[in-house]
Amino acid sequence: MLLKIALPNKGRLSEEVRELFNDAGLEVRARGERALTASLGGEFEAIFVRAQDIPEFVADGAAHAGVTGWDLVNEAGRELEHLMDLEFGRCRLVVAAREESGIGHANDVRDGMRVASCFPRLTQDYFARRGQSVTVVPVSGAAEIAPHLGIADIVVDLTSTGSTLKMNGLREVATVLESSARLVACQSNVPEAQRKLEELKLALGSVLAARGKRYLMANVPKDELPRVREVLPGLNGPTVVDVLDGGRFVAVHAVVPAKTIYRTVNALKTLGCEGILVTRIERLVA
């Protein structure tokens, strides 16, 4: 059984998805840059479509699973199984208003105001839950210009850093949704399909778990082991191995956070450790 996985066909999200699949051993092998399908190994096949269409493709059974933004999944409103957060493509869907509008909070939005957004369904649902009656103005892009053109009073738009909104004289007043790239699937009772999806989750998850981690090895004085354990907690504590003819040293191995590796190495040197080696981890299955 060949499982079809819908992937974004272009943009930054597409690049990051391809990198993740390649790192997981599911190399994207397309016949050309404009190919609509590609092999992902013997059991998976990629189909390339617009990110906003992926929820529909998966829900309708054209693909068994797909990778797209959580914002697009929610906007589609289709019944999909959420398999995992892929931890990239992070952004927020926010309510934003002009600096001089006097709107500093979602409570300041008055009934009858016009709201421009590429996410009309999420926008309508958000204000309806708050008991506010607004008029949604659907746009296909560049929503931030709408208040300056008099098309709308406020906008609901995606942002990651907020810099584009500020550049256009807008400020965030509320967050509608936190988003990132997600692996989603259609509901299936086929055992083989479920098994392969679990294998896919394991493959992708092992790469994600390894990101931001480093494998550290060091020769540690035996009498400093109690203190070294505090420096190197690892996943389940450091692994301690006797060194042949090591004398007063033992070898200690541990998985440590990459962002604090420089402090960890300095702490080990202070404790008299030698032969410190740090390497990257390609995959990690806890």
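Predicted model: local features only at pLDDT ≥ 70, side-chain atom pairs only at ≥ 80, totals over all residues.
UniProt positions are given in the numbering used here, and its annotations may be inferred rather than shown by experiment.

View 1. In an unreviewed entry, UniProt lists residues 50-203 as "domain: ATP phosphoribosyltransferase catalytic". Follow residues 50-203 from end to end and you get 29% helix and 31% strand, with the end C-alpha atoms 24 Å apart. The chain itself is divided into domain 1 (3-88 + 181-210), domain 2 (91-179) and domain 3 (213-280). Between the C-alpha centres of domain 1 and domain 3 there are 38 Å.

**View 2. An open sheet of 7 strands.** Reading across, the order goes β2-β3-β4-β1-β5-β12-β6, and the pairing is mixed. At the edges sit β2 (29-30) and β6 (81-85), each pairing on one side only.

**View 3. A look at β1 beside β4.** Strand β1 (residues 3-8) and strand β4 (residues 44-49) run parallel, joined by 6 bridges. Look for alanine 6, which stands opposite isoleucine 47 in β4. Helix α1 lies across β1, β4, β5 (65-69) and β12 (181-185), at about 140 degrees to β1. Helix α7 packs on the sheet too, touching β1, β4, β5, β6 and β12, and its direction makes about 20 degrees with that of β6.

**View 4. Where α1 meets α7.** The axes of α1 (residues 11-23) and α7 (residues 191-210) come within 9 Å and cross at roughly 100 degrees, so α1 is roughly perpendicular to α7. From α1, the contact uses Leu20, Phe21 and Asp23; from α7, Leu200, Leu204, Val207 and Leu208. That contact counts 6 nonpolar residues, no polar ones and 1 charged.

Technical notes. Residues numbered from 1 in each chain as written. Heavy atoms only, no water. Helix = DSSP H or I, 4+ residues; strand = E, 2+ residues; numbered from the N terminus. Domains from an automatic or database assignment. Axes fitted to C-alpha atoms, helices over the stretch in contact; angles between N-to-C directions. Parallel < 35°, antiparallel > 145°, perpendicular 65-115°, else oblique. Contact = heavy atoms within 4.5 Å. Nonpolar A, V, L, I, M, F, W, Y, C, P; charged D, E, K, R; others polar. Pairing = 2+ DSSP bridges.
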